[in-house]
Amino acid sequence: MGANTRTGRMMPSYIDDRLIATIVLTAIAAVIPLFVSEYVRTLIQRCLLWIPPTFGVYIIYSLLRQVHFAQSIFIGLGSYIAAFLAGKYFVTSELLILLPLSLIVSIGVAYVLGIFIMRRTGFYFAIMGIAVTMAFWSLVYKMRQITGGSDGISDIKNPSLFGIQLGDQGLYYVSLVVSLGLILLMRRILHSPFSLQLRAISGDLQKAESIGIPVNGMRRLAFIVAGANAGVAGVLLAFSYNYVGPTTFAWEFGAHFVQAAIIGGVNYFVGPIVGAFVFVGLEFLVSTWFPNLWEVVIGVIVAVIVVTVGEEGVTGIVKDLFGRTLKRANLEERTYSDGK
Amino acid sequence: MGNNQQPVLLAAEKLRKFYGEVRAANDISLEIAQGQVLTLVGANGAGKSTFLNLLTGLVKPDRGEIRLLGKRITGLAPEQRAKMGIVKTFQLEHVFGDMTVFDHVRTACLSAAGKHYSMFKDISTETEINGQTEQLLELFDLARVSQSLVKNLGHGFKKVIDIATSFAMKPKILLVDEPTSGVGEEEKYHIMELMMNQIRANNLAAIIVEHDLNLVKDLSNETIVMHEGEFIARGAPGDVFGQDKVVEVLVGRGF
Ligand SMILES: Nc1ncnc2c1ncn2[C@@H]1O[C@H](COP(=O)(O)OP(=O)(O)O)[C@@H](O)[C@H]1O
Ligand SMILES: [Mg+2]
């Protein structure tokens with residue numbers, strides 16, 4: 001029962017390897033824009049913003065064992081909120097308004113969608129996610145007057161924070177802070193009473209019901225948590241791309257977060273982080289050299305990972321390669337907490 | 001025992017459940033009081049599991065009523081009934097295999113305390129819940145496997161874990177479906193003893209489905225024989241098991 005590290009190790013509690021690793025990685029992410037080109041910085045920023053929606057997929061899979069294809073709905077909502085308010089109908093570009101607004105809208109929409117999507121499991125859950133996403137896509141596509149149809153909305157200027165207009169570097173740091181904040185929040189949620197009971201639901205539905213777990217309500221809340229992550233990231237992604245189009249709502253786009261989660265490895269808490277970086281990095285590299293092939297390449301990679309290491313993903317491969325070092329760094333935290 | 005002077009805890013009134021031609025429950029009625037322990041026997045397919053599932057809400061009756069302390073609960077979902085104190089252990093294996101034994105029991109402690117939506121609290125800071133869990137593991141002799149994954153443990157362990165998890169719900173009435181099916185002779189008595197000690201210590205009502213007639217005699221002085229969805233005999237095991245019609249359904253049909 002590998003991860004019983006907390007209770008099993010003799011170590012002063014104030015020296016937490018994981019905390020050190022987090023601080024080091026955050027510090028690297030914080031100073032890196034000073035040393036790399038603008039282009040690379042933007043790429044890292046996108047990686048950071050891919051983490052929260054991927055975490056949504058990860059939570060739904062690791063706790064409820066369901067495959068969540070509908071994250072693009074919430075990315076789309078966040079992105080269009082930013083595009084409307086900060087771009088097209090310029091009302092405000094204040095992030096302190098846009099981010100909470102997107103959060104609230106995402107929670108509301110996830111609440112309503114969850115009422116029926118979360119009643120289904122397995123194949124039907126996945127298919128319903130895709131179907132609902134397609135409905136959103138076609139709505140946005142057809143409401144040309146408002147949404148710009150297939151042209152989308154471009155020329156979204158950088159947002160402001162506390163009334164101060166942000167530069168590109170400022171946007172990077174906001175993305176870093178938001179992404180990091182959501183990662184820490186997800187970590188807390190995964191170690192909460194809520195998550196343990198979600199695992200009971202996916203472990204044995206009848207037993208869960210028979211010990212009084214409100215199955216439908218809890219599943220819906222998990223869906224809301226996942227959607228809220230994507231909604232918040234959606235706002236910043238819109239600013240990051242300077243453009244929002246209906247493809248943000250496309251179900252293929254939602255599938256990318258499922259692919260990122262698989263690539264990272266759903267067995268590990270760091271899986272979504274690794275997956276986001278690898279996916280966005282690959283997308284960039286492959287589409288630069290083979291513009292028409294990148295989805296094929298990603299597809300092949302996902303297939304190879306599924307067949308060879310399954311739920312371990314790239315994180316698992318790296319862990320095997322550098323097993324001893326990583327064990328010392330205590331990064332191999334499993335999804336589930338054991339014991340206390 | 002047979003606490004007939006006690007107020008009725010749980011009452012089933014003319015419960016019916018047919019599966020096509022199969023009469024799994026044919027207008028059965030039963031009243032049970034606090035502290036009353038009943039055993040339920042009958043051949044395979046007699047309808048024992050169906051009856052318990054009707055009481056917990058996992059199966060919806062075609063007609064009939066169920067009351068808890070006089071209040072109608074027929075329409076309530078299993079999770080609501082569990083909260084009210086009607087808790088069942090399963091005949092077949094129903095456990096959360098990927099959890100540690102500690103987490104398995106802790107899940108039910110959290111549920112009983114209504115902490116379903118507590119998302120932002122670190123579970124390790126739930127000292128009261130964690131203490132309760134440890135206590136239950138002690139009572140059911142599970143402390144030594146506290147950190148083992150449930151799926152890696154033997155069948156007997158899983159049965160005890162299921163029972164301990166049910167006790168975490170602080171039940172008023174425990175419905176126990178064949179707690180010893182598929183368990184070896186020696187383990188069987190151990191499991192029953194652990195369970196009966198706790199049922200008595202907490203003065204719980206219980207309905208226990210059991211195939212081993214010798215065990216049934218030890219468990220309670222009141223047994224019910226079920227056949228084709230009906231209660232065909234009721235009384236002290238010594239008397240009931242001598243009756244011709246009971247012998248016919250229990251022995252004559254390859255019991
Ligand atoms: N879900 C179901 N669908 C169809 N028939 C069922 C179902 N559940 C139980 N039955 C039938 O009802 C009868 C009673 O089953 P059950 O309550 O499991 O009996 P017991 O627990 O006494 O062995 C059996 O004939 C069984 O085949
Ligand atoms: Mg049965």
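This is a predicted model: local features need pLDDT of at least 70, side-chain atom pairs count only at pLDDT 80 or more; totals for chains, interfaces and linings use all residues.

Reader: What area do domain 1 and domain 2 of chain B bury between them?

Author: The bounds, from an automatic or database domain assignment, are 1-85 + 171-255 for domain 1 and 95-170 for domain 2 of chain B. Contact, meaning heavy atoms within 4.5 Å, links 20 residues of domain 1 of chain B with 16 residues of domain 2 of chain B. Carbon and sulfur atoms account for 68% of the buried area, which is about 1300 Å².

Reader: Which three residues supply 38% of the area that domain 1 of chain B buries against domain 2 of chain B?

Author: No other three residues of domain 1 of chain B supply more of that area. They are Lys83(B), Pro171(B) and Gln198(B).

Reader: Which residue of chain A forms a salt bridge with Asp162(B)?

Author: A salt bridge here is a side-chain nitrogen of Lys or Arg within 4 Å of a carboxyl oxygen of Asp or Glu. Between chain A and chain B the count is one. With its closest N and O atoms 2.3 Å apart, the pair joins Asp162(B) to Lys207(A).

Reader: Which helix gives the largest share of the side of chain A that touches chain B?

Author: Helices (H or I, at least four residues) and strands (E, at least two) are DSSP runs, numbered from the N terminus. Helix H8 (168-190), helix H9 (193-203), helix H10 (205-210) and helix H11 (215-241) of chain A each supply at least two residues of that side. The largest share, seven residues, comes from H9(A).

Reader: And the sheet in chain B: what is the order of its four strands?

Author: Two strands pair if DSSP finds at least two bridges between them. Eight bridges join strand E1 (residues 8-19) of chain B to E2(B), running antiparallel, and Leu15(B) has Ile28(B) as its bridge partner in E2(B). Strand E2 (22-33) and strand E5 (71-72) of chain B each pair on one side only, as edge strands. The sheet is open and antiparallel, with the order E2-E1-E4-E5 (chain B).

Notes. Residues are numbered from 1 along each chain as its sequence is written. Chains are lettered from A and ligands numbered from 1 in the order in which they are written. Side-chain values use heavy atoms; hydrogens and water are left out. Buried area is the accessible area (1.4 Å probe) that two parts lose on being put together, summed over both.
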